[in-house]
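Colleague: I'd like to learn how to read a few features of a model, one at a time. Could you walk me through them?

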Amino acid sequence: MPLHVEPNSVPRTLSSASLYVNNVLNIFKQEPISLPHGSMGWPLLGETLGFLKPHKSNSMGSFLQQHCSRYGRVFKSHLFGYPTIVSCDLELNAYILQNEGRLFQSSYPKPVHDILGKLSLMLVCGELHKKLRNVAVSFISTYKSRPDLHHYVEKLSISVMKSWKDRQQVLFFKEAKQFTLHLMLKNLLNIEPEEPRALTILEDFLTFMKGFVSLPLYVPGTPYTKAVKARARISSTLKEIIEEREKSDLGIAKGDFVHDFLLKGSLNMEEKVSIVMDLLLAGYETTSGLLALVVHFLGQAPSVLEQLKDEHQALSRSKKKGEPLSWEHYKKMELTSKDPATSKKVTPFGGGLRLCPGPELGKVETAFFLHHLVLNYRWKTREDDYPMSYPYMEFKKGLLLEIEPTEKRI
Ligand code: HEM
């Protein structure tokens, strides 16, 4: 065993969509025989501030870099109020993820429970995790293969393109977040982008993400406190929506998640609200990040962008006039759907019992949006506008694009 963690002591991954995975292992039960080198930092605060220091997303950041070079890729520390072992070792991380439920059990520090809610998929274990994960997986596999839902992705992409018609600049990351949240709201709850609730939920999610991994200070005005409050507001809005639907449309086939899974299933209200919240968050935050990163890197690689454009122009020529994009078209987007991130060096989709069930869905949404983007616009990014890890991902200037219509318009 590379780490002296007792069976069922409490390790936890803080794996993220960034291109490295760091596992934070909290050891509560027994003093291990020997601990890796490292520093416990300041009383109470430990090394949390250094760990959270913003850095460019394409680097490990100075905290991990300095600690790895001083102590090795596995080191001890004190984070978020707990003695911790941090692992930047890919093999060890994979080993831990693969052995969840056998040698290790997942858990997060208490402040994360307060922010996510105790039934969040990230926090629950064992049978409850299995039950809630099944609901999520069923939703994702149904959604992935339904032509009407693919049409909706395309319809929304086209409406974003139209909304940029008279603009020279767009703040792309915000647009991408709006786009992916609107998709999830429609497919989970049948909420249209124009509804005021869509805007409220987006604003609450933006606040939520800022405090999601922040210093857990429960004092008015901190990102953490604002995030806990934003989560409570999202939960009560979702509860209201589900209750309305339970009263009004039992038996009416709306074809969304509430109808197909929640009204028929055996979840109690708290579980229903929690799984909708999980799917909204998991489905919108990650996909908008993927979309923004693709647009950012394409802006810096004109030759790849040209090849991508060729692929989409050829696809567009091969379709009948007005024919919507389908799963078969997606499969033909060879360059677009290529996945350079999934290599042996990074595990962007986690692993083991918690392996992400949604990458294909995120990729198809991204591909359909890109199809319309490259056919309709050219764009330039700014040099001083790069992705940062706060540790949630944000662009320095919001990914401000200078846009110009191509010859072939929407
Ligand atoms: C396309 C980019 C995406 C990335 C990079 C990504 C990444 C991840 C990662 C790293 C995890 C593991 C979290 C953990 O260890 O606790 C995860 C879990 C999950 N993801 Fe994704 N994801 C993506 C898209 C999606 C989409 C579109 C959905 C659909 C709603 C989705 C739904 C989920 C769910 C439900 C889980 C929890 C699984 C469980 O706990 O059993 N993801 N994702």
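Colleague: Let's start with S288: which residues does S288 touch, leaving out those up to four places away in sequence?

Modeller: Two residues are in contact if their C-beta atoms, placed from the backbone, lie within 7 Å. On that basis S288 touches A176, K177 and T180, not counting residues up to four places away in sequence. S288 and T180 are 108 residues apart in sequence, yet their C-alpha atoms are 6.0 Å apart in space. Keep in mind that this is a predicted model, where local features need pLDDT of at least 70 and side-chain atom pairs count only at pLDDT 80 or more, while totals for chains, interfaces and linings use all residues. Residues are numbered from 1 along each chain as its sequence is written.

Colleague: Is S288 buried or exposed?

Modeller: A residue is buried if 20 or more other C-beta atoms lie within 10 Å of its own, exposed if 12 or fewer, and partly exposed in between, with C-beta atoms placed from the backbone. S288 has 25 C-beta neighbours inside 10 Å, so S288 counts as buried. Across the protein chain, 36% of the 410 residues count as buried.

Colleague: In which helix is S288 found?

Modeller: Helices (H or I, at least four residues) and strands (E, at least two) are DSSP runs, numbered from the N terminus. S288 is found in helix α11, and the protein chain has 14 helices and ten strands.

Colleague: What surrounds the ligand?

Modeller: A residue is near a molecule if its C-beta atom, placed from the backbone, lies within 6 Å of it. Here 25 residues surround the ligand, and the closest are G283, G350, C356, G358 and G362. The largest share of that shell, seven residues, comes from α11. α5 (126-145), α11 (269-299) and α14 (359-376) each supply at least two residues.

Colleague: How does the shell around the ligand split by class?

Modeller: Ala, Val, Leu, Ile, Met, Phe, Trp, Tyr, Cys and Pro count as nonpolar, Asp, Glu, Lys and Arg as charged, and the others, Gly among them, as polar. The shell has 14 nonpolar, eight polar and three charged residues.

Colleague: How do I read the packing of α12 and α14?

Modeller: Two packed helices are described by the angle between their axes and the distance between the axes. Axes are lines fitted to C-alpha atoms, for helices over the stretch in contact, and angles run from 0 to 180 degrees between N-to-C directions. Helix α12 (residues 302-318) packs with α14 at an angle of about 100°, with their axes 9 Å apart. Angles under 35 degrees count as roughly parallel, over 145 as roughly antiparallel, 65 to 115 as roughly perpendicular and the rest as oblique. So α12 and α14 are roughly perpendicular to each other. In the contact, L308, K309, H312, Q313 and S316 in α12 meet H371, V374 and L375 in α14. These residues divide into three nonpolar, four polar and one charged.

Colleague: And the backbone?

Modeller: Most residues other than glycine have a negative phi, and most peptide bonds are trans. A cis peptide bond joins Y390 and P391, with omega about 5°. P391 is in the loop between β8 (387-389) and β9 (393-395). L399 has a positive phi, near 60°, and is found in the loop between β9 and β10 (400-405). L399 is buried, because 26 other C-beta atoms lie within 10 Å.
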